[in-house]
Amino acid sequence: MAQGLPSTASLVHFCQKLNRLKTLEESTRETLPRHHLTTMHLTLLGVGAMVGVGLYVFTGIVVKEMAGPAVLVSYSLAAVASLLAALCYAELGARVSHRDSPYLLTYLSMGELWAFLIGWIMLLRGLIGGAAMAQVWSSYLDTIFSHRIRSFTEAHVGIWQVPLLAQYPDFLAAGIILLASIFVFCGACISSWINLTVFAINLVIVLFIIILGFVLARPHNWSTEEGGFAPFGFSGIMAGAAICFNTFIGFDVIVAFSKEAQNPKRAVPKAIVISLGLVAGIYILVSSVLTLMVPWYSLEPFWALTDAFHQRGYSWASFIVAAGSICAMITVLLRILIFLPRMLHAMAVDGLIFQVFAHVHTRTQVPVVGILVFGVLMAFLALLLDPEALLQFHSISALLVYTFMATSIIVLRFQKSPPSTSSGLVSPGPVAREYNDSSGHTELLGTEPASAPEPGQLRPALRPYLGFLGGCRPGAVITWALGILVASTITLNCVLVFGDSALHLPLWGYILLLLLSSVMFLLSLLVLGAHHQQRQQDTFQVPLMPLTPALSILFNIFLMLTLSSPAWMCFSIGLLIGFVVYFGYGIRHSKENQRERPGLTATRSSLEETVQALQPPSQTPAQEPRHTEQPAGP
């Protein structure tokens with residue numbers, strides 16, 4: 001091999017490092033939960049986590065800048081994408097015997113690099129989402145004071161006209177973030193009764209908006225004289241759906257409590273479908289009355305709900321909506337500020353992020369450095385950046401996380417089940433037990449028949465037609481098919497989104513590329529479907545595998561590509577910083593890497609002894625006795 005080039009063994013070892021799984025210590029494993037939650041309980045948990053903040057933060061921006069009255073179509077499409085993502089996430093959660101974030105689920109099932117990417121993207125999402133929420137919160141608070149705070153800031157600081165920057169520095173948003181960070185630093189938490197109170201306030205505000213909004217509705221506001229129903233066309237509707245996806249992210253609460261359900265296999269999908277349907281209906285009704293009350297183009301994007309009532313002369317109603325939105329958003333902001341340092345602490349404890357973030361205050365049990373660093377960073381972003389750019393960044397990160405989840409489910413479904421649960425994975429099949437009878441014979445009880453095919457094997461009925469796939473090594477066909485699936489999905493979506501504007505192809509080239517990518521997508525689906533999958537009897541599994549996760553990947557990537565290039569540029573910079581952190585620090589200081597070191601030392605010693613044993617007699621030192629006549633075997 002050429003000097004300076006890495007050997008094949010070193011490359012294999014490097015790839016194994018990237019895909020090593022987390023091992024749970026006995027002290028961190030959860031005991032079996034009490035199965036007492038019904039489908040209704042899970043549904044209420046999901047609705048409570050999804051209803052509220054999305055109305056105040058996202059609806060106005062989507063209506064004014066992206067979709068117009070067609071925002072209700074955007075919400076419908078976002079609900080479909082969320083349903084596909086929720087089903088994939090539910091199976092991943094059911095496979096891991098630990099209730100935690102997607103970061104831990106990925107670390108236990110997929111590997112270290114993918115877990116770091118998920119964790120890093122979630123940190124970026126929380127950081128950006130908290131900053132954007134604080135800016136919208138300050139806008140609603142400013143409406144109570146008749147926009148005097150904004151007028152004062154613009155008069156003394158001026159108006160900025162710089163891309164990605166806000167029109168003026170939002171000192172109020174930065175101040176509320178710093179104040180909330182101090183509360184979290186002192187050990188503040190959000191009790192269950194506060195969550196219940198805020199949920200009740202949100203429902204009352206939503207019903208108030210819907211009832212009074214329909215009373216004040218003017219169907220003329222959807223007419224062509226006012227710009228029509230979809231003034232921004234199909235691209236605007238899809239870009240709006242990418243933003244609206246964020247309003248449904250609370251479905252992960254259902255997955256988190258799924259292990260406490262009486263019948264998870266039936267309760268989880270029912271709760272996901274019902275809660276998403278209810279929340280989508282609420283959002284569609286609210287966005288409909290919002291655009292029926294006043295023309296969509298006259299709304300202020302960052303306080304649209306209060307502005308609509310104010311334009312109709314109902315200032316008292318706008319005050320009620322503003323007060324309710326302030327209560328809801330400050331609670332969610334506190335929740336984000338509690339989550340981010342703990343997420344950072346978990347990654348630091350695993351060695352993937354600098355150890356300084358693992359320090360916890362002895363009295364308040366709060367990750368001190370994490371809350372200080374992220375509080376200041378979030379305040380800085382809220383002070384300077386444009387809220388719309390922040391929300392698009394947040395949407396990219398959310399969609400990418402659940403795209404990883406869907407891809408992970410395809411990989412895990414066609415993998416051979418782990419022999420044990422040492423890594424926290426739930427074994428999909430029954431446990432084998434030995435039984436010795438009086439005659440000395442041994443048999444296995446509780447296992448499938450010996451002839452049962454393993455996951456990833458080609459189905460016997462298709463072997464006469466796809467026999468050429470049987471000669472590949474185990475897992476190779478699945479890996480190639482999944483790679484082609486993702487590549488064809490990206491190509492197909494790029495053709496659909498950028499075909500007319502960016503690719504500059506003739507009509508025949510456009511059609512040819514569209515057909516090729518579609519055919520490759522379908523062929524990869526057929527190849528995946530031709531192989532056996534894991535089957536679990538007692539836990540939830542995604543229906544219509546691999547079609548459901550493939551559609552989730554297709555839909556998520558399409559929505560991501562509809563977002564603006566500045567948001568993608570900012571996201572790429574954030575992702576690049578994450579790669580620098582992992583390959584510069586995390587891969588060497590990972591806790592799993594520390595566990596491997598003693599084994600690597602022992603392996604190297606045994607290899608050296610083997611090499612010495614295999615040396616020819618002429619190279620053996622003279623003082624060592626030659627006691628073998630035959631050469632050592634391989």
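Analyst: A salt bridge here is a side-chain nitrogen of Lys or Arg within 4 Å of a carboxyl oxygen of Asp or Glu. This is a predicted model, in which local features need pLDDT of at least 70 and side-chain atom pairs count only at pLDDT 80 or more, while totals for chains, interfaces and linings use all residues. Residues are numbered from 1 along each chain as its sequence is written, and side-chain values use heavy atoms, with hydrogens and water left out.

User: How many salt bridges does a search of the whole structure find?

Analyst: The search finds two. In one of them, Arg413 pairs with Glu91, and their closest N and O atoms are 2.8 Å apart. This pair links distant parts of the chain, since Arg413 belongs to helix 17 (residues 387-413) and Glu91 to helix 5 (residues 71-95), 322 residues apart. Helices are DSSP runs of H or I with at least four residues, numbered from the N terminus.

User: Is Arg413 buried or exposed?

Analyst: Arg413 is buried, because its relative accessible area is 1%, and Glu91 also counts as buried at 1%. Buried means under 20% relative accessible area, exposed means over 50%, and partly exposed lies in between (1.4 Å probe, protein chains only).

User: And which residue does Glu154 meet in a salt bridge?

Analyst: Glu154 meets Arg150, at 3.1 Å from N to O. Both lie in helix 8 (residues 148-157), four residues apart, which is about one turn of the helix. With a relative accessible area of 22%, Glu154 is partly exposed.

User: Changing topic, which residues touch the most other members of the largest nonpolar core?

Analyst: Those are Tyr140, Phe248, Leu305, Met329 and Met378, in a core of 173 residues. Helix 7 (residues 112-144) gives the most to this core, with 20 residues. Such a core is a set of buried Ala, Val, Leu, Ile, Met, Phe, Trp, Tyr and Cys residues joined through side-chain atoms within 4.5 Å.

User: What is Met378 in contact with?

Analyst: Leaving aside neighbours within four places in sequence, the contacts of Met378 (heavy atoms within 4.5 Å) include Gly126, Leu127, Ile177 and Leu340.

User: Last one: where is Trp480 found, and is it buried or exposed?

Analyst: Trp480 is found in helix 18, and the residue counts as exposed because its relative accessibility is 64%.

Terms used:
Helices (H or I, at least four residues) and strands (E, at least two) are DSSP runs, numbered from the N terminus.
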